[in-house]
Amino acid sequence: MFINAGKSSCQWEGYTLILPAISVGNVGQLTADLLISTLQLDSVGHLHDESILPLCGNDPYASTGVAQGVLVTSAEVYECKEKELVIIQQRAPLVKGKQRDFRKKLLAWIKECKFSQVVLLSSTHSHERIDSQITGSPFRFLSTASLSIPADDLKWQRLETREDMWGVQRQTAEETIPEEAKGVYIPGGGMAKRFFEDCCREQVPLAVLMVFCSEGDNIPDAMMLVSELNKWIKVVQEAENQSKQQRRSPWKKPKSWDLLYGSAVESSLY
């Protein structure tokens with residue numbers, strides 16, 4: 001599944017793996033963009049599988065524009081030896097009907113690499129919130145029993161359990177929901193719910209970080225998600241004693257975000 005580009009030994013035992021779910025507003029992918037751009041990481045390989053739709057494009061993190069001409073694919077893998085991080089940036093959705101196959105292969109690769117913990121960045125529909133979720137922070141998290149997170153110190157709120165009224169009852173033993181994953185409801189969260197269930201079964205230390213949001217300008221949502229992640233794994237130093245007006249963001253937006261809403265309108269039209 002993983003194709004090594006020959007730039008790294010890929011000895012990742014004890015590293016933290018961070019990857020996005022293809023979810024509402026692409027918040028997970030935008031958050032991965034911020035991490036990769038800020039840490040100035042280079043790709044050390046990519047994921048190649050029939051379950052991922054093919055894609056090819058110019059390097060979105062190049063500070064010199066298109067002159068460099070470095071190509072990227074559907075799912076690039078980036079490494080940060082200093083922070084002991086591996087980050088996957090998935091730029092294309094999965095082939096319909098292939099999600100289970102992708103999750104199975106991804107879990108096998110995670111076990112093979114012996115990552116110490118896995119962080120899945122996701123989001124969920126804000127219009128699906130229940131009453132207790134409407135006020136307060138839109139950030140929520142989930143973690144498997146094999147991963148200990150100091151939630152009280154971080155002031156994190158665990159995702160509230162609720163009944164999935166629209167869910168289809170699963171009949172087979174293979175699809176039985178683990179006890180710790182019962183009541184988890186993440187509409188619009190992509191593979192987050194099922195991947196969490198898989199990791200509960202396989203005792204993989206996983207944390208799912210998510211925000212309630214809607215489609216639109218989701219940069220603020222990504223900024224919130226990466227800041228919450230940073231509270232835990234300390235990727236960069238963020239100022240804590242300054243007001244929001246005085247505080248300068250440590251996160252570097254990638255060059256590709258300059259065209260997030262298209263190019264400027266040609267003035268000659270008017």
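## Close-up views of a predicted model

View 1. Val 70 is partly exposed, at a relative accessible area of 36% (buried is under 20%, exposed over 50%, and partly exposed in between, with a 1.4 Å probe and protein chains only). This is a predicted model, in which local features need pLDDT of at least 70 and side-chain atom pairs count only at pLDDT 80 or more, while totals for chains, interfaces and linings use all residues. Residues are numbered from 1 along each chain as its sequence is written, and side-chain values use heavy atoms, with hydrogens and water left out. Val 70 sits in the loop between β4 (56-58) and β5 (71-73); helices (H or I, at least four residues) and strands (E, at least two) are DSSP runs numbered from the N terminus. Apart from neighbours within four places in sequence, Val 70 has contacts with Gly 57, Asn 58 and Asp 59, where contact means heavy atoms within 4.5 Å. Asp 131 is 61 residues from Val 70 in sequence and 47 Å from Val 70 in space, C-alpha to C-alpha.

**View 2. The crossing of helices α2 and α5.** Two packed helices are described by the angle between their axes and the distance between the axes. For α2 (residues 99-113) and α5 (residues 192-202), the axes come within 11 Å and cross at roughly 45°. Axes are lines fitted to C-alpha atoms, for helices over the stretch in contact, and angles run from 0 to 180 degrees between N-to-C directions. The two helices, α2 and α5, are therefore oblique to each other (under 35 degrees is roughly parallel, over 145 roughly antiparallel, 65 to 115 roughly perpendicular, and the rest oblique). On the α2 side, the contact is made by Gln 99, Arg 103, Leu 106, Leu 107, Ile 110 and Lys 111; on the α5 side, by Arg 194, Phe 195, Asp 198, Cys 199 and Glu 202.

**View 3. The open sheet.** Eight strands with mixed pairing follow the order β1-β3-β6-β7-β2-β8-β10-β9; two strands pair if DSSP finds at least two bridges between them. At the edges are β1 (2-4) and β9 (139-143), each pairing on one side only. Direction ignored, neighbouring strands of this sheet are turned by 25° against each other on average.

**View 4. Strands β8 and β10 with two helices.** Strands β8 (residues 117-125) and β10 (residues 206-213) run parallel and are joined by eight bridges. Opposite Leu 121 stands Leu 209 in β10. Helix α5 lies across β8, β9 and β10, at about 160° to β10.
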